[in-house]
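Thank you all for making the time this morning.

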Amino acid sequence: MNALIFRGPGKFEWVEKDKPTIQKPTDVIVKITKTTICGTDLHILGGDVPAVTDGRTLGHEGVGIVEEAGAAVNNFKPGDRVLISCVTSCGRCEYCKKAMYAHCEDGGWILGHLIDGTQAEYVRIPYADTSMYHIPSGSDEEALVMLSDILPTSLEIGVINGGVQPGDVIAIVGAGPVGMSALLTAQLYSPAEIIMVDLDDNRLELSKKFGATHTINSSEGNAVERVMALTDGKGVDVAIEAVGFPVTFDICQQILKPGGRLANVGVHGKPVELHLEKLWIRNVKITTGLVSTSMTPMLLKTVQSGKIKPEQLITHRFPLNQIAEAYEVFKNAAKAKAMKVILYND
Ligand SMILES: [Zn+2]
Ligand SMILES: [Zn+2]
């Protein structure tokens with residue numbers, strides 16, 4: 001089979017590789033039918049995730065068809081169409097018992113990180129019973145690829161950690177795939193206003209179609225003043241950080257109203273300056289996290305019913321064997337007007 005492998009910082013290769021095999025009776029082998037590229041993959045290629053070693057198949061999102069199931073797998077059989085979760089869960093450890101699958105002692109985020117991932121024709125999924133979902137018949141499988149990672153991440157770590165409530169004024173800093181997913185999932189909780197902040201006018205325009213009530217281009221450096229002007233000088237109830245840079249975190253901490261919540265979703269590579277000298281008196285809450293995908297069953301239902309339409313995030317499609325071109329488009333997202341790319345293998 002073919003797979004996209006990491007070749008050290010800045011390098012990847014589409015190569016012929018052995019098809020994965022069942023290693024433990026709880027494993028399944030899935031034939032990938034659709035996968036995608038994540039911002040995290042770009043972090044890996046940038047050398048920010050040193051645990052990823054030479055030769056590792058990248059990718060942690062996708063849907064496919066079960067090819068082979070280990071002897072201890074009860075919920076899935078060959079031929080089943082499945083949604084793969086970016087997080088592997090053993091279902092038995094201390095963290096899994098608390099639904100914190102992100103920190104599973106024998107799983108968590110391992111796909112395309114510590115074990116071979118989904119940007120390949122076949123992938124081995126450990127603990128299949130507790131790490132995959134059946135795809136309801138008649139579903140839009142492209143839409144469901146967004147449920148492997150970005151929708152649960154934005155919902156759990158952004159919207160739910162931020163405690164978005166009906167009538168809230170919220171700001172989402174970063175209109176990339178995760179920020180846009182936060183925009184879609186926040187609307188399940190009926191906030192009164194959603195302010196999107198980004199550097200890219202094309203993404204801001206798109207965010208209005210997805211439900212943003214206000215947009216702010218932060219390239220002039222006055223995003224904080226403009227959020228304050230929009231909120232009568234009060235600030236926002238919830239600020240969702242969906243970028244992962246000190247400057248975007250700083251915007252979020254400056255626009256919180258008293259009692260506000262800052263939900264950090266962005267992957268940070270550098271320290272940020274936390275202004276506790278200003279925040280300590282304001283009764284604010286700051287949260288962080290890695291997705292557990294505990295909301296995936298709920299999201300499957302809301303997508304199935306049409307309440308959320310994550311397929312809106314897909315801007316480009318390529319056959320899986322043209323994944324190198326897809327990476328080029330995704331890396332130059334502003335120029336290519338790209339949000340999510342779908343790689344298909346069916
Ligand atoms: Zn991802
Ligand atoms: Zn576990």
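Let me start with a question: which residues does the domain assignment of the protein give to domain 1, and which to domain 2? Domain 1 takes residues 2–149 together with 292–344, whereas domain 2 covers 152–287, and both come from the domain assignment. Please keep in mind throughout that what you are looking at is a predicted model.

If we take the centres of the two domains over their C-alpha atoms, domain 1 and domain 2 are separated by 27 Å. Where they touch, domain 1 contributes 22 residues to the contact and domain 2 contributes 16 residues. On the side of domain 1 that touches domain 2, helices α1, at 39–45, and α11, at 296–304, each supply at least two residues. Sorted by class, that side of domain 1 holds nine nonpolar residues, nine polar ones and four charged ones.

Let me now turn to a sheet. It is an open sheet of six strands, and if you follow it across, the order reads β10-β9-β8-β11-β12-β13, with parallel pairing. At the edges you will find β10, residues 214–217, and β13, residues 285–287, each of which pairs on one side only. From one strand to the next, the twist averages 15 degrees.

Within this order, I would like you to find β8, residues 169–173, and β11, residues 236–241, which pair in the parallel sense over four bridges.

Helix α7, residues 201–209, lies across β9, residues 193–198, and β10, and it runs at about 175 degrees to β10.

Which residues of α7 are buried? They are R203, L206 and S207, and, seen down the axis of α7, these buried residues fall within an arc of 105 degrees, so they line one face of the helix.

Finally, if you follow the chain on from α7, you come to G211, whose phi is positive, near 120 degrees. I will stop there and take your questions.

Definitions and conventions: Residues are numbered from 1 along each chain as its sequence is written. Chains are lettered from A and ligands numbered from 1 in the order in which they are written. This is a predicted model: local features need pLDDT of at least 70, side-chain atom pairs count only at pLDDT 80 or more; totals for chains, interfaces and linings use all residues. Two strands pair if DSSP finds at least two bridges between them. Axes are lines fitted to C-alpha atoms, for helices over the stretch in contact, and angles run from 0 to 180 degrees between N-to-C directions. Two residues are in contact if their C-beta atoms, placed from the backbone, lie within 7 Å. Domain bounds come from an automatic or database domain assignment. Ala, Val, Leu, Ile, Met, Phe, Trp, Tyr, Cys and Pro count as nonpolar, Asp, Glu, Lys and Arg as charged, and the others, Gly among them, as polar. A residue is buried if 20 or more other C-beta atoms lie within 10 Å of its own, exposed if 12 or fewer, and partly exposed in between; C-beta atoms are placed from the backbone. The arc is that of the directions from the helix axis to the C-beta atoms.
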